[in-house]
Amino acid sequence: TDTEPVGTNARDDNVFPEGENIEIGIFWEPPHDFTTPEQYDWIRDANVTFIEVTNRDGAINREEAQKQIKLASERGIKIVYSPGADGKNLAAMTAEQITEYARELGRDPTVVGIHVVDEPAQPWNYAGICAAIRKGGLMPRLNMLPYFATWVFENSQTFIEDTIIAAGKENYGYLSYDQYPFPYNGGDPDMFYNLDLIRRIGLKYDVPTAFYIQPIGEGGNFRRTNGGEIRYHTSAGLAYGLKSLTYFTWWTTGFCAEKDYAIISPYGEKTDIYDDVASVNRDILTVGPLLRRLDAVEIYHTSGREAGITRCTKDDVPV
């Protein structure tokens, strides 16, 4: 890792990351019937720093969005806003309109970003939107598919780099992706390969990296994780230099059985992993001010046979 003092920038030309700590977010916030002080107290007490508003199925309107912002603001939580709450379609807006819209949203300091799109098949089409949002002073959130989504693209690295180049690295935002590495059978399928791919592209273009954490199960696809696995998953991300981590999902969605419930059940109750998540997040924020300033320049593993790892030997490192 870079060993400059915490009070200095790791690189003189580094535009990102902004902020003083690792960011910890949640995806799929409490639905509007549960947009209550108690639910937002639980989000705060779990040491979450931002909410990525989903506006799933157009269920949230401007009035409801303002209620979310108020509850988050009162608890020191930031909001990544969903334009759908305002009936906005970013793809149908000009760059100037998007920039002005971002400026308008950013007048409230609780709103720090805009959710652009999740897992687009042609992400470079959103590069101009990302640049316009950055020009308006907010952080664009554009999330990529994992490297093995070969039904969408032939080469993941080119797929990602084209998007960064099209936006301009200073305007791109987080290089974010999702991969849920705990399936029902086995575990860690190429988790480190994907982490290393994102790490290398992030270093190449000097953009901060981010990913999604797996606390929920989805049918027969992937399973619910326990507290130890969540610590392992988040720690792996931090070791690979990620600056922002988002839980997918916080609220339990409709596609899982009871055994796969997320951090909060579909009935608005804490599940048994809530306390584990709060503890892991607290530990991350304790070391976050240091990790936020560092780049993961070299990564070594002392064990494991997964694809994409570099095994450590006594000659590799000074300790």
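Axes here are lines fitted to C-alpha atoms, for helices over the stretch in contact, and angles run from 0 to 180 degrees between N-to-C directions. Helices (H or I, at least four residues) and strands (E, at least two) are DSSP runs, numbered from the N terminus. This is a predicted model, where local features need pLDDT of at least 70 and side-chain atom pairs count only at pLDDT 80 or more, while totals for chains, interfaces and linings use all residues. Residue numbers start from 1 along each chain as its sequence is written, and side-chain values use heavy atoms, with hydrogens and water left out.

With that in place, take helix α3 (residues 95-106) and helix α4 (residues 127-135): they pack at an angle of about 40°, and their axes are 7 Å apart. That makes α3 oblique to α4; angles under 35 degrees count as roughly parallel, over 145 as roughly antiparallel, 65 to 115 as roughly perpendicular and the rest as oblique. The crossing of α3 and α4 is right-handed, a label used if the near helix is turned clockwise from the far one by less than a right angle, with left-handed for anticlockwise. On the α3 side the contact uses Ala95, Ile98, Thr99, Ala102 and Arg103, and these meet Ile129, Ala132, Ile133 and Lys135 in α4; contact means heavy atoms within 4.5 Å. Sorted by class, the contact of α3 with α4 has six nonpolar, one polar and two charged residues. For that sorting, Ala, Val, Leu, Ile, Met, Phe, Trp, Tyr, Cys and Pro count as nonpolar, Asp, Glu, Lys and Arg as charged, and the others, Gly among them, as polar.

## What sits around α4

α4 is mostly covered, with seven of its nine residues buried. Buried means under 20% relative accessible area, exposed means over 50%, and partly exposed is in between (1.4 Å probe, protein chains only). The buried residues of α4 are Ala127, Ile129, Cys130, Ala131, Ala132, Ile133 and Arg134.

The cover over those buried residues includes α3, β4 (111-118), β5 (139-144), α5 (156-167) and α6 (169-172). Just after α4 comes Gly137, which takes a positive phi of about 95°.

## The barrel

Now for the strands. A closed barrel of eight strands runs β1-β2-β3-β4-β5-β6-β7-β8, with parallel pairing. From one strand to the next, the twist averages 30°. Two strands pair if DSSP finds at least two bridges between them.

## A closer look at β7

Strand β7 (residues 209-213) has five of its five residues buried, so it is largely enclosed by the rest of the structure. Strand β6 (residues 175-177) pairs with β7 in the parallel sense over three bridges, and Ser176 has Ala210 as its bridge partner in β7. β7 also pairs in the parallel sense with strand β8 (residues 244-248), over four bridges. There, Ile213 stands opposite Tyr247 in β8.

Thr209 is a residue of β7, and it is buried with a relative accessible area of 5%. Leaving aside its neighbours within four places in sequence, Thr209 is in contact with Tyr174, Leu175, Ile198, Gly202, Gly241, Leu242, Lys243 and Ser244.

## The α8/α9 pair

Helix α8 (residues 227-239) and helix α9 (residues 274-291) pack at an angle of about 20°, and their axes are 10 Å apart. That makes α8 roughly parallel to α9. Their crossing is right-handed.

From α8, Gly227, Ile230, Arg231, Thr234 and Leu238 meet Asp276, Val277, Ser279, Val280, Asp283, Ile284 and Leu291 in α9. The residues of this contact divide into six nonpolar, three polar and three charged.
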